[in-house]
Amino acid sequence: MLTVTEATPEDGDVVGEIHAESWQAVYVGFFSPEFAAEAIRHRRGKWRDVLLQKRDTVLLGALDGRPLAFTYFGSSPARPEAAEIFGCYAHPDGWGTGVANALMAATLRRIGEQGFGRAHLWTLRDTPQARRFYRKSGFTESGAVRDHDFGDGNPIEQVEYELSLP
């Protein structure tokens with residue numbers, strides 16, 4: 001059974017685990033081993049504090065009671081009329097189970113309920129699995145690109161995806 005709930009500070013460790021494991025599986029090859037190890041450690045430990053701030057919304061998707069994916073979204077700093085999905089991560093154990101699809105559908109419903117007519121996000125150009133997922137979720141490339149520095153001084157190109165909500 002697939003469920004989606006709003007994450008609380010008590011979910012910080014599980015959100016961190018999902019973030020770290022998915023980030024390691026997809027992004028580690030873009031960085032030096034030392035930087036990647038520190039980035040994974042940071043992602044594993046930051047979420048309780050983020051959730052305590054209650055600034056944006058974090059939804060947690062679970063399969064048969066096991067949390068396997070999360071989205072993190074709020075008002076877009078660049079586009080006041082749109083919501084921005086700041087992060088969408090699924091634990092590798094959940095890939096192919098449908099939990100990410102159910103979570104994205106719930107995320108888009110919640111964004112619409114919050115009064116936004118559009119949603120957008122950024123993802124690395126060289127992550128075909130993520131790009132395919134966003135297209136299957138109804139997003140299209142906007143044509144915008146940007147360089148994003150994860151903190152190692154080596155910017156990586158990201159592409160923007162956007163979606164009009166019903």
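How much space lies in the second largest pocket? The second largest pocket holds about 170 Å³. Of the 13 residues lining this pocket, Glu6, Ala7, Leu51, Lys54 and Asp56 are the closest to its centre. Two or more lining residues are given by each of α3 (47-53) and β2 (57-63), and α3 provides the largest share, 3 residues.

The model is predicted: local features need pLDDT of at least 70, side-chain atom pairs count only at pLDDT 80 or more, and totals for chains, interfaces and linings use all residues. Residues are numbered from 1 along each chain as its sequence is written, and side-chain values use heavy atoms, with hydrogens and water left out.

A pocket is an open set of points on a 1 Å grid over the protein atoms alone, where a 1.4 Å probe fits, with protein on both sides within 12 Å along at least five of seven lines; lining residues have an atom within 4 Å of a point. A volume is the space filled by probe spheres set on the points, which are joined across faces, edges and corners. Helices (H or I, at least four residues) and strands (E, at least two) are DSSP runs numbered from the N terminus.

The largest pocket has a volume of about 1,100 Å³. Its lining comprises 43 residues, and Tyr27, Gly87, Cys88, Tyr89 and Tyr134 lie nearest the centre. Elements supplying at least two lining residues each include α1 (12-27), β4 (82-90) and α5 (128-136).

Two individual residues complete the account. Glu162, in strand β7 (residues 156-164), counts as buried because its relative accessibility is 18%, the class being under 20% relative accessible area, with exposed over 50% and partly exposed in between (1.4 Å probe, protein chains only). The side chain of Glu162 makes a polar contact with the side chain of Arg118 at 3.1 Å; such a contact is a pair of N or O atoms within 3.5 Å, within protein one able to donate a hydrogen and the other to accept it, residues adjacent in sequence counting only if both atoms are side-chain atoms.

His91 is found in the loop between β4 and α4 and, at 9% relative accessibility, is likewise buried. A polar atom of the His91 side chain lies 3.0 Å from the backbone nitrogen of Asp93.
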